[in-house]
Amino acid sequence: MNALLFRPRDLLLAGAIVLLAIAISTRYGAFVSLSNLLNVYNDTAILIMLAFAQTAVILTRCIDLSVAANLALTGMIVAQLNTIAPGVPILALIALALLIGAVLGAINGFLVWKIAIPPIVVTLGTLTIYRGLIFVIAGGEWVNAHQMSDAFKAFPRETLFGVPVLSWISLLLIVVMGLVLTRTALGRSFYAVGGNPAAAVYAGIDPGRVRFLAYTISGAISGLCGYLWVSRYAVAYVDIANGFELDVVAACVIGGVSIAGGIGTTAGAVLGALFLGVIKNALPVIDVSPFWQMAISGAAIILAVAFNARAERTKGRIILKRAETTA
Amino acid sequence: MSETAANPRRIPDRLSGRGMAALQSWESLLVVVAIAVFVANTLASPYFLDPYSLSDATYNFTERAMIGFAMALLIISGEIDLSVASIIALASTAMGAAAAAGFGIPVLVVVALVVGLVCGAFNGFLVTRLGLPSIVVTIGTLSLFRGIAFIVLGDQAYTSYPSGFSWFGMGYVFWVVTFELVLFVVFAVIYGIVLHKTNFGRQVTVIGNNPTAALFSGIRVARVKFILFLLTGVMSGIAAVCLTARLGSTRPSIALGWELEVVTMVVLGGVNILGGSGTIPGVVLGAMIMGMVTFGLGLLNVPGTVMSIFTGILLIAVIALPIVWRRVRTRMRT
């Protein structure tokens with residue numbers, strides 16, 4: 001139940017990222033140049049956004065494995081709309097992406113809240129359903145760069161003070177999310193529901209409703225990332241961001257978000273995502289095959305969760321832990 | 001409270017008669033569904049009702065179901081293993097490497113089993129010794145095990161397996177009965193006996209219902225769970241032998257996404273995802289229904305990605321329907 005924006009653990013992780021960057025720069029000096037660091041950040045921006053959105057869900061003792069499928073489905077719908085009606089303004093498309101994403105997230109939230117299906121089952125199910133729907137909508141076809149309007153592709157690449165819009169959006173949302181989690185009743189209720197659902201009920205909080213809202217937020221941000229992903233890479237097809245949900249969960253776990261709920265910060269999730277982003281961007285420049293990345297993410301998840309468990313265990317003995325965590 | 005409402009199946013009510021309970025059970029519902037799917041398939045495609053075609057259809061579930069049996073026990077005990085498909089990838093890669101080094105068929109099989117055992121032991125160690133949540137651990141090892149396969153193979157593939165190896169995947173024991181089908185039946189019987197007729201099986205169920213009570217009643221909870229992770233690993237290794245033999249090649253993306261299908265199969269078979277209850281006959285029926293449906297849709301030329309919509313809906317529906325149904329029934333009573 002730590003609500004500080006930065007915990008000592010977050011500073012430790014930040015230190016680890018800096019050390020990692022320094023270690024990489026001994027092999028490839030230009031890695032720590034400002035322009036390259038901005039590039040790394042821009043490359044990681046989508047993972048960062050998805051990670052702090054996932055944090056809200058995990059804080060309430062749930063998990064959202066459908067984020068990548070949501071991203072891909074929303075991205076495909078927006079891309080298709082752009083090819084059919086190139087005149088629709090980008091801001092309207094972004095609003096639409098947020099809306100579609102929010103609806104897809106709300107479906108998860110509804111099933112968790114009203115039908116009381118375990119979150120992992122719900123989101124594993126919707127993961128496959130959303131992926132399948134992309135195939136149905138697109139008929140297995142790709143939407144390629146030449147079919148998208150120039151404005152559609154240009155938006156995330158526009159620069160403001162030398163920094164791309166994509167990075168600015170993620171920075172803005174980090175601040176918003178940080179404020180929501182630490183300074184609003186909704187944010188506090190995420191921690192309350194995850195920390196102790198029974199106590200949250202006595203405090204007048206409806207855990208189901210809070211979880212529903214967490215899923216809706218996670219969905220909306222996934223939808224936004226759907227547009228950003230499709231426009232940035234200028235392609236939409238069934239398998240985009242396939243398996244990305246695991247990177248997102250990995251970023252959260254590395255960032256110190258407890259899978260048992262109630263513990264975690266926006267800053268932690270952002271740092272966890274940056275950690276993975278630095279590794280991902282560093283592998284090619286230090287001549288390591290990109291095929292190593294999957295194993296490294298896996299090892300990082302396991303190490304991080306073992307580290308978290310050790311850090312959390314010192315806080316006191318949890319009685320009847322299993323019975324509580326199954327919610 | 002939502003904690004208790006989340007429990008989809010309550011403890012069976014012994015007051016109603018045994019015959020009545022059997023009729024109302026999840027398994028009888030599955031039998032009805034299975035028959036309906038079978039009839040629908042027969043009507044939909046003239047190619048369905050052919051012994052060889054039906055024999056081919058069994059490949060849609062035999063390998064997954066073998067893992068499903070072990071997974072059922074694991075889920076009943078309150079844990080889960082999402083790394084099973086990655087264990088297949090790693091075991092298959094190890095077999096490919098052994099085959100490339102010139103080893104014979106017995107060595108290949110042993111290699112797959114050992115890799116499965118080691119992977120299962122690794123999961124089990126992290127969960128039972130370090131006390132980490134199995135869902136996160138196995139998401140991690142899902143990435144790690146397949147990641148190792150990717151490091152070894154990259155965009156390459158192992159394609160040269162000894163002649164005769166394909167028998168594990170495609171061989172017939174007699175008439176249209178395949179080796180895999182025989183293996184499936186044998187494991188179904190073994191796991192059915194283990195879960196329903198042995199102390200170990202009772203311990204698994206007790207642990208799933210209340211791990212603390214299980215511990216206080218003298219059950220070695222950590223050891224039982226560790227054994228279950230080992231079993232799941234070994235079954236994944238066996239599935240890797242069958243699948244590799246059937247495909248005749250190993251790519252790092254082999255069996256991608258199977259963890260989801262295995263879990264769906266087990267849950268469809270009536271195993272409570274929160275642990276504590278479930279039966280092997282249910283899993284057998286769940287496996288056959290999923291296998292027949294996907295095979296039937298395949299005969300109707302429905303693409304695989306669209307089938308996944310069906311798998312996803314099935315997964316959610318089989319859990320949601322009993323909950324909704326019970327709610328409707330209690331509302332009618334009051």
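This is a predicted model: local features need pLDDT of at least 70, side-chain atom pairs count only at pLDDT 80 or more; totals for chains, interfaces and linings use all residues.

Trainee: Fine. Which are the buried residues of H10(B)?

Mentor: By that cut-off, the buried residues of H10(B) are B:Glu180, B:Leu183, B:Phe184, B:Phe187, B:Tyr191 and B:Leu195. Around the axis they cover an arc of only 100°, which puts them on the same side of H10(B).

Trainee: Why would residues three or four places apart point the same way?

Mentor: That follows from the α-helix itself, which has 3.6 residues a turn, so residues three or four places apart point the same way.

Trainee: And which exposed residues sit on the face turned away from the buried side of H10(B)?

Mentor: That face of H10(B) carries B:Val186, B:Val189, B:Ile190, B:Ile193 and B:Lys197, which are exposed.

Trainee: What covers the buried residues of H10(B)?

Mentor: The cover includes helices H5 (62–76), H9 (167–170), H11 (199–209), H13 (221–247) and H15 (280–299) of chain B, together with strand S2 (177–178) of chain B.

Trainee: How far apart are the end C-alpha atoms of H10(B)?

Mentor: They are 26 Å apart, which agrees with the 27 Å that the 19 residues of H10(B), residues 179–197, should span at 1.5 Å a residue.

Trainee: Switching to helix packing, at what angle do H6 and H7 of chain B pack?

Mentor: Helix H6 (residues 84–100) and helix H7 (residues 105–129) of chain B pack at an angle of about 145°, and their axes are 9 Å apart. The crossing of H6(B) and H7(B) is right-handed.

Trainee: Which residues meet there, between H6(B) and H7(B)?

Mentor: From H6(B), the residues include B:Ile87, B:Leu90, B:Ala91 and B:Ala94, and among those they meet in H7(B) are B:Val107, B:Leu108, B:Val111 and B:Gly116.

Trainee: Zooming out, how many helices and strands are there in chain B?

Mentor: Chain B has 16 helices and two strands. Its radius of gyration is 20 Å, close to the 20 Å that the globule rule gives for 334 residues, so chain B is as compact as a globular protein of that length. Of those 334 residues, 49% count as buried, and the C-alpha trace of chain B spans about 70 × 55 × 35 Å along its principal axes.

Trainee: And how many helices and strands does chain A have?

Mentor: Chain A has 14 helices and two strands. Buried residues make up 51% of its 327 residues, and among contacts in chain A between residues at least 6 apart in sequence, 79% join residues at least 24 apart.

Trainee: How many residues of chain A are in contact with chain B?

Mentor: There are 47 residues of chain A in contact with 46 residues of chain B. On the side of chain A that touches chain B, H5(A) gives the most, with 13 residues.

Trainee: One last topic, backbone angles: what is phi of A:Arg61?

Mentor: A:Arg61 has a positive phi of about 70° although it is not a glycine, whereas most residues other than glycine have a negative phi. A:Arg61 lies in the loop between helix H2 (34–59) and helix H3 (67–84) of chain A.

Trainee: Is A:Arg61 buried or exposed?

Mentor: A:Arg61 is buried, because 25 other C-beta atoms lie within 10 Å.

Note on methods: Residues are numbered from 1 along each chain as its sequence is written. Chains are lettered from A and ligands numbered from 1 in the order in which they are written. Helices (H or I, at least four residues) and strands (E, at least two) are DSSP runs, numbered from the N terminus. The expected span of a helix is 1.5 Å times one less than its number of residues. A residue is buried if 20 or more other C-beta atoms lie within 10 Å of its own, exposed if 12 or fewer, and partly exposed in between; C-beta atoms are placed from the backbone. The arc is that of the directions from the helix axis to the C-beta atoms. Two residues are in contact if their C-beta atoms, placed from the backbone, lie within 7 Å. The radius of gyration is taken over C-alpha atoms; the globule rule is 2.2 Å times the number of residues to the power 0.38. Axes are lines fitted to C-alpha atoms, for helices over the stretch in contact, and angles run from 0 to 180 degrees between N-to-C directions. A crossing is left-handed if the near helix is turned anticlockwise from the far one by less than a right angle, and right-handed if clockwise.
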